[in-house]
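We will go from stop to stop, and each stop says what to select.

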Amino acid sequence: MNILAQKKSRWLEGGIHGFLFFCAFLSILTTVTIVVSLVWESIPFFFEVAPLDFLLGTTWQPLIVPREYGVLPLVVGTLQIVVGSALVAIPIGVCCAIYLSEYASPRMRKIVKPTLEVLAGIPTIVYGYFALTAITPVLKSIYSGTETYNAASASIVVGIMILPMIASLCDDALRAVPGSLRQGAMALGATRFEALTRVIFPAALSGITASFVLAFSRAVGETMAVSIAAGATPSMSFLPTESIQTMTAFIVQVSMGDTPRGTPEYHAIFAVGMLLFLITLGINMVAHRVLRKYREVYE
Amino acid sequence: MSWLDTANLNLRKRRRRALYFKSICSLFTWSCFVLLAVLLVHVGHKGVGLIDVDFLRNAPSWRPEDCGIWPAIAGSLWMMGLTALISIPCGVSAALYLEEFAPKNRWAHLIDVNISNLAGVPSIVYGILGATVFVRFLALEQSVLAGSLTMSLLVLPVIIIASREAIRAVPSTIRHAALALGATPWQTVVHHVLPTALAGILTGVILALSRAIGETAPLITIGAVAYISDAPAGPMDSFTVLPLQIYSWTTKAQSEFQDLAAGGIVALLVFLVIMNGIAVWIRHRAEGNAN
């Protein structure tokens, strides 16, 4: 290779290097753009509504006069979905993970794991349809006072959605526990159940906690299933049989409707979006911190 | 935790307790299969019967019996194609940079943390970003391009994370050998690292794209609508996709429309099965080659 060609190829390498860096930098740019667009678009909203009234107000009524912008009902609605879905997903998910890591034969693992992946891969819109057309009628037949749109049905379906996440992350955490711990416990005469509850489970606890927290964050951000099944009635009551509205469902409601741009009720979606972004970001950071701590111990 | 206190129990009771626990775990595991089966049967028994040539060829209409999903299918294909064109080069490049070229400094760490945080941002927030930046600031309106750009940002973290794992799995001996023979770092990557990691990258890409094809929320926020009677002819046309069409039918009060939604869901699931089938096939073939 002569000198000129070498020089050219060095230039080329430099250019490629620059392009690759730009692509990686794009992720930072995305975050910055998300923050800037949320802040920028919610400024007009906060000119109209005091931030404290927004955060602490207990009536959310942006589309009907007299307009009120207290976001707490939306937060309560979201919380209700998170709690309800956790009640469904945590027992099933943890038991699934324990079964996978402790009891299942390799062949059984090969069947269960893909099943969980399929459950995780089904689009949320399908779960929304399922909640409205299958779960709600069942709930209605159990308790006739159930409204057509209700929090319980949405919670159950969101629980099914986050179940695979909990199961596979807990499975990872349980399998990361060194075999010597289990062998030690069983050598001392513990049954499998005792070794699990006394030794392995506590050792994997941080990973398991992190999986819960990540799943909560997904439940907070879940949109389609809750806007189909849970309705559009902001409510502070914790009744699972009634219609509620989550933060995400409100954003969908305004985006689907014909709210004119530039009005405070339109800008409200950005304020709610910012709150949603901050909440999920906070939850995710906690989860990653917990996860990192547990990785340091076992790697 | 008195129920855990086994000191006063004899061995038979302890064993029985262990057995109960195992039964509960396997029962819950089986319930996952049941859930999946119920879901598929519920959607399938209403939806499969609806799918015929007319349903696939027609446009949505106010008369349920004339409705079809052709514009939605075409829109989904358009959006998936454009999203793939945008997100795959960017995602793989970013992964290459982070794994092969990035100095291990504070920037690399920042990008790293940032990507894992982005992966956890709710999809609807990406929709808000798309609505402000692509739809209004860049004035792309409710076009396929605006939707695809939004979707690309949404799936980029998924592609980057999967590609990085695939690239990390390439043995470093291959890199050392190439560099020792005088290849430049870029030549090493193009001729050796990428081909070795290709199967893993492709699997990740397909999974990311199948996430994109099922996403609804970001497209609602950017204002893509479901009342489109024609397939898009170019990237600047307005469009609808299968999940949006399903959403608009699901939220209609008449049960005929809800049945149509089931038909749309079956079509969507068929898409996903095909894509995941390809992913499984690639993984299988790569494992065969490795052996």
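The tour below starts with some ground rules and then moves from the interface to single residues.

**Ground rules**

This is a predicted model, in which local features need pLDDT of at least 70, side-chain atom pairs count only at pLDDT 80 or more, and totals for chains, interfaces and linings use all residues. Residues are numbered from 1 along each chain as its sequence is written, chains are lettered from A and ligands numbered from 1 in the order in which they are written, and side-chain values use heavy atoms, with hydrogens and water left out.

**Stop 1: where the chains meet**

Color chain A and chain B separately. How many residues does each chain bring to the contact? Chain A gives 78 residues and chain B gives 76 residues. Contact here means heavy atoms within 4.5 Å.

Chain A and chain B bury about 6,900 Å² between them. Of that area, 77% is on carbon and sulfur atoms. Buried area is the accessible area (1.4 Å probe) that two parts lose on being put together, summed over both. Now select Leu20(A), Tyr129(A) and Phe193(A). In chain A, these three lose the most area to chain B, together 11% of what that side buries.

Next, select Arg14(B) and Glu194(A). Their side chains meet in a salt bridge, at 2.8 Å from N to O. A salt bridge is a side-chain nitrogen of Lys or Arg within 4 Å of a carboxyl oxygen of Asp or Glu. The rule finds 2 salt bridges across this interface. There are also 11 residue pairs in polar contact between chain A and chain B, both residues at pLDDT 80 or more. A polar contact is a pair of N or O atoms within 3.5 Å; within protein, one must be able to donate a hydrogen and the other to accept it, and residues adjacent in sequence count only if both atoms are side-chain atoms.

Which helix supplies the largest share of chain A's side? Select helix α1 (residues 3-48) of chain A: 20 residues of the side that touches chain B come from it. Helices (H or I, at least four residues) are DSSP runs, numbered from the N terminus.

**Stop 2: the core**

Select Ile34(A), Trp60(A), Val272(A) and Leu219(B). Of the 185 residues in the largest nonpolar core, these touch the most other members. A nonpolar core is a set of buried Ala, Val, Leu, Ile, Met, Phe, Trp, Tyr and Cys residues joined through side-chain atoms within 4.5 Å. Buried means under 20% relative accessible area, exposed over 50%, and partly exposed in between (1.4 Å probe, protein chains only).

Zoom in on Trp60(A). Leaving out residues up to four places away in sequence, Trp60(A) touches residues including Phe54(A), Tyr69(A), Pro234(A) and Val272(A).

**Stop 3: a loop residue in chain A**

Select Thr223(A), in the loop between α9 (205-221) and α10 (224-229) of chain A. Is Thr223(A) buried or exposed? Thr223(A) is buried, with a relative accessible area of 3%. Beyond its neighbours within four places in sequence, Thr223(A) is in contact with Thr248(A), Val252(A), Ile124(B) and Ala217(B).

**Stop 4: a loop in chain B**

Go to the loop between α5 (123-137) and α6 (144-168) of chain B and select Ala139(B). Phi of Ala139(B) is near 55 degrees, a positive value in a residue other than glycine. Glu141(B) is found in the loop between α5 and α6 too, and its phi is also near 55 degrees. Ala139(B) is partly exposed at 49%, and Glu141(B) is partly exposed at 46%.

**Stop 5: a salt-bridge network**

Select Glu99(B), Asp112(B), Arg164(B) and Arg168(B), which are linked in a network of salt bridges. Arg168(B) pairs with Glu99(B), with the closest N and O atoms 3.3 Å apart. That pair links helix α6 to helix α3 (residues 70-101) of chain B, 69 residues apart. Asp112(B) pairs with Arg164(B) at 2.6 Å. Here helix α4 (residues 106-118) holds Asp112(B) and helix α6 holds Arg164(B), 52 residues apart. Arg164(B) is buried at 12%, whereas Arg168(B) is exposed at 51%.

**Last stop: one helical turn**

Select Arg57(B) and Asp54(B), a salt bridge at 3.1 Å. They are separated by about one helical turn, because they sit 3 residues apart in helix α2 (residues 53-57) of chain B.

Technical notes: Helices (H or I, at least four residues) and strands (E, at least two) are DSSP runs, numbered from the N terminus.
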